[in-house]
Amino acid sequence: MKISSHIFFKYSVLIFLLSLNTNYAYAQNSDIDTSFLESLPDSVKNDVLKEISSKRQDEKDIYKRSSTMIQKNNIKDLDDEDLLDYEDYLKYVAEQKRLKEKKIERFGFNIFNSMQTSFMPINEPNIDGSYVLDYGDLIEIQIIGGTSDTFDVPIKRDGSISIEDMGRIFVAGLSLNKASDLIQGKVSDTYIGANANVSLIGLRDVQILVSGDAFNPGIYTVSGNSNALHVLSMAGGIGEKGSYREIEIIRDNEVVETIDLYDVFIHGKSNYGRRLRSGDSILIKPSKNLVKIEGGIERPFIYELKKGETLKTLLNYSNGLSDNADISYIKIDSYDSDGIKSSDIKYDEIDLFEPKSGDSVYIGEFKFIQVNISGSVKSPGTYTLAQDEQLSDLIERAGGYTATAYPFGGILNNQRTKELNEFANEQVYQNLIKFLASPQLQAMPGQSGMDYQSIGFMLQELKKSPVSGRVMAEFDLDEIRYSSIKDTTLEDGDEVIIPSLTQQVYVYGEVNSPGTLRYRPGMNFEYYLSNKGGLNNFANEEQLFVVYPNGQTYALETNTLFGFSPLSDDVLIYPGSIIYVPRNISISNTQTAAIWAPLVSSLAVTLTSLSVLND
């Protein structure tokens with residue numbers, strides 16, 4: 001019976017998992033048979049031990065008080081029955097990816113996240129001459145000339161400093177430059193021919209109240225050289241409902257400055273607001289006009305607009321149009337009493353339209369995908385295609401096939417299919433580990449009639465084997481032209497491999513001399529097996545796999561079971577075919593097929609890829 005590899009794999013996995021999902025009688029306090037464990041490969045043995053440990057811990061937890069904590073949904077928490085539906089899992093992964101990509105945040109939120117680790121104020125006097133002195137600052141005065149001396153003097157509560165022979169000098173409220181001039185004058189009057197160098201060596205601490213819609217409102221202690229941006233960073237930035245464009249600095253119950261953070265974050269202005277004093281307050285007002293923009297723009301976010309700012313302003317805030325923007329499609333979704341209303345805006349009207357709070361703006365974009373094609377085409381490489389272009393379009397863009405191309409062996413690897421196969425492989429592996437970790441089997445491994453060493457070998461092969469995302473596709477361009485329905489729509493990230501025509505047939509698995517044989521027209525698989533030395537002592541004489549170059553898989557058994565064909569001469573062998581003889585394991589062929597099928601499929605892709613690289 002001819003079946004595609006991924007359908008065969010899923011069907012086999014289902015039967016295999018159901019066969020293992022029997023009611024094992026877990027014997028409590030049973031001992032682990034060391035000879036049984038030593039028969040397993042190291043990597044498989046470690047996984048079995050982990051499962052045994054986990055199983056014992058679960059038994060202990062039965063006697064614990066039930067937790068009242070609500071656990072978040074997690075795919076790992078699903079039971080075996082849920083895990084059988086791989087299509088639902090694939091939909092789940094796709095939906096999570098879509099939600100992640102679609103989530104649009106407030107502009108500026110991530111900026112404060114980074115500032116909290118890289119932009120915190122440092123209590124060092126890295127200041128200029130405009131710094132205003134106040135109580136708590138520490139000044140160094142170095143006198144040079146007729147006399148030499150150095151004084152470290154703190155500014156007292158009354159705003160003065162005291163210097164020997166000069167008395168008190170009031171410097172609080174003066175800039176560092178003005179205070180330096182004042183001190184220089186006092187030194188000159190006191191010491192003939194002397195000069196003074198004045199520097200600030202210690203900054204005062206100031207306490208600032210952050211209020212309103214901050215992420216963490218409260219009182220913060222910062223250095224006297226801090227500005228509003230420093231303090232906002234310490235407070236975690238702006239809250240969810242706060243304004244980035246109306247932040248007030250309040251001093252002595254009066255608003256002394258209003259800060260617009262877009263001037264800093266978008267326009268790059270370095271004016272972070274005036275230096276703060278103890279007792280100042282930073283009030284973050286509520287946001288008033290939040291508008292979302294996405295689609296064919298460079299920086300999709302929710303932006304805050306002031307009164308009078310237009311759609312053109314919003315477009316500038318979003319860093320302009322992207323290279324694939326379609327300006328013929330600009331849509332505005334607005335809320336009103338009747339629900340959501342959609343309207344279209346022409347590009348030459350964007351300077352006249354003022355979005356209102358809650359609006360969503362979508363700029364059209366031409367959808368493109370990137371697909372790589374390698375092997376026997378005239379111009380291999382990565383191509384950018386329209387979203388609706390198909391496999392034949394890619395091959396034509398790549399210049400068509402070379403004279404040595406073998407389209408029958410073409411491979412199309414798809415990322416979503418690879419994720420599905422990885423998931424399925426993992427479930428097969430984990431269920432076999434649970435099977436081997438059964439205390440009933442541990443206690444009496446020799447009486448179960450199973451070859452655990454061979455099962456361990458099979459699991460090790462499954463674990464280390466690379467997973468492919470191969471999907472069935474038609475590569476014969478004449479066939480596609482005759483029937484366009486056979487063409488395959490591509491997805492972003494797809495990989496296409498076109499091998500060269502080979503004259504080899506691959507024979508692998510439990511044969512005496514695995515490797516390649518030259519193709520002989522009309523010969524069946526028995527010819528190739530006999531010419532590779534026949535089956536070895538480990539071979540499963542009742543089952544083998546034949547994989548055609550196009551990925552089509554034949555699962556053959558000596559007895560008809562679940563619809564599979566018996567061994568017969570009607571299975572043709574083509575150049576590039578793979579004949580694989582699995583190892584004999586004392587569980588049913590249907591169960592082992594669930595493991596060998598993905599291994600053989602992966603082997604087919606690997607051999608083709610290597611042949612392309614060798615070319």
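Arg157 lies in the loop between strand 3 (149-154) and strand 4 (160-163), where helices (H or I, at least four residues) and strands (E, at least two) are DSSP runs numbered from the N terminus. The model is predicted: local features need pLDDT of at least 70, side-chain atom pairs count only at pLDDT 80 or more, and totals for chains, interfaces and linings use all residues. Residues are numbered from 1 along each chain as its sequence is written, and side-chain values use heavy atoms, with hydrogens and water left out.

**Selected loop and helix positions**

- Arg157 counts as exposed because its relative accessible area is 71%; buried means under 20% relative accessible area, exposed over 50%, and partly exposed in between (1.4 Å probe, protein chains only).
- From C-alpha to C-alpha, Arg157 and Asp134 are 8.4 Å apart in space and 23 residues apart in sequence.
- Asn537 occupies the loop between helix 16 (525-531) and strand 24 (543-547), and its relative accessibility of 82% is why it counts as exposed.
- A distance of 9.1 Å separates the C-alpha atoms of Asn537 and Arg583, which are 46 residues apart along the chain.
- Ile111 belongs to helix 6 (residues 109-118) and is partly exposed, with a relative accessible area of 26%.
- The C-alpha atoms of Ile111 and Phe265 are separated by 8.3 Å, although these residues are 154 apart along the chain.

**Backbone angles**

- Most residues other than glycine have a negative phi, and most peptide bonds are trans.
- Asn253 is not a glycine, yet has a positive phi of about 65°.
- The loop between strand 9 (242-251) and strand 10 (254-259) holds Asn253, which is exposed at a relative accessible area of 80%.
- Asn319, also not a glycine, has a positive phi of about 70° and is found in the loop between helix 10 (311-317) and strand 14 (325-336).

**Chain totals**

- The chain has 17 helices and 26 strands.
- Of its 615 residues, 46% count as buried.
- Among contacts (heavy atoms within 4.5 Å) between residues at least 6 apart in sequence, 66% join residues at least 24 apart.

**Nonpolar cores**

- In soluble globular proteins, nonpolar side chains tend to be buried together.
- The largest nonpolar core has 42 residues, and Leu232, Leu261 and Val361 have the most contacts inside it; such a core is a set of buried Ala, Val, Leu, Ile, Met, Phe, Trp, Tyr and Cys residues joined through side-chain atoms within 4.5 Å.
- A second, separate core of 27 residues includes Leu40, Val44, Tyr580 and Leu607.
- Not counting residues up to four places away in sequence, Val361 touches residues including Val291, Ile293, Leu311, Leu314 and Ile330.

**Cavities**

- The structure holds two cavities of 30 Å³ or more; a cavity is a set of points, on a 1 Å grid over the protein atoms alone, where a 1.4 Å probe fits but cannot get out, and lining residues have an atom within 4 Å of a point.
- The second largest cavity has a volume of about 40 Å³, a volume being the space filled by probe spheres set on the points, with grid points joined across faces, edges and corners.
- Its lining consists of Ile293, Leu311, Leu315, Ile330, Tyr347, Ile350 and Ile363.
- These lining residues divide into seven nonpolar, no polar and no charged; Ala, Val, Leu, Ile, Met, Phe, Trp, Tyr, Cys and Pro count as nonpolar, Asp, Glu, Lys and Arg as charged, and the others, Gly among them, as polar.

Note on methods: On a 1 Å grid over the protein atoms alone, a cavity is a set of points where a 1.4 Å probe fits but cannot get out, and a pocket is an open set with protein on both sides within 12 Å along at least five of seven lines; lining residues have an atom within 4 Å of a point.
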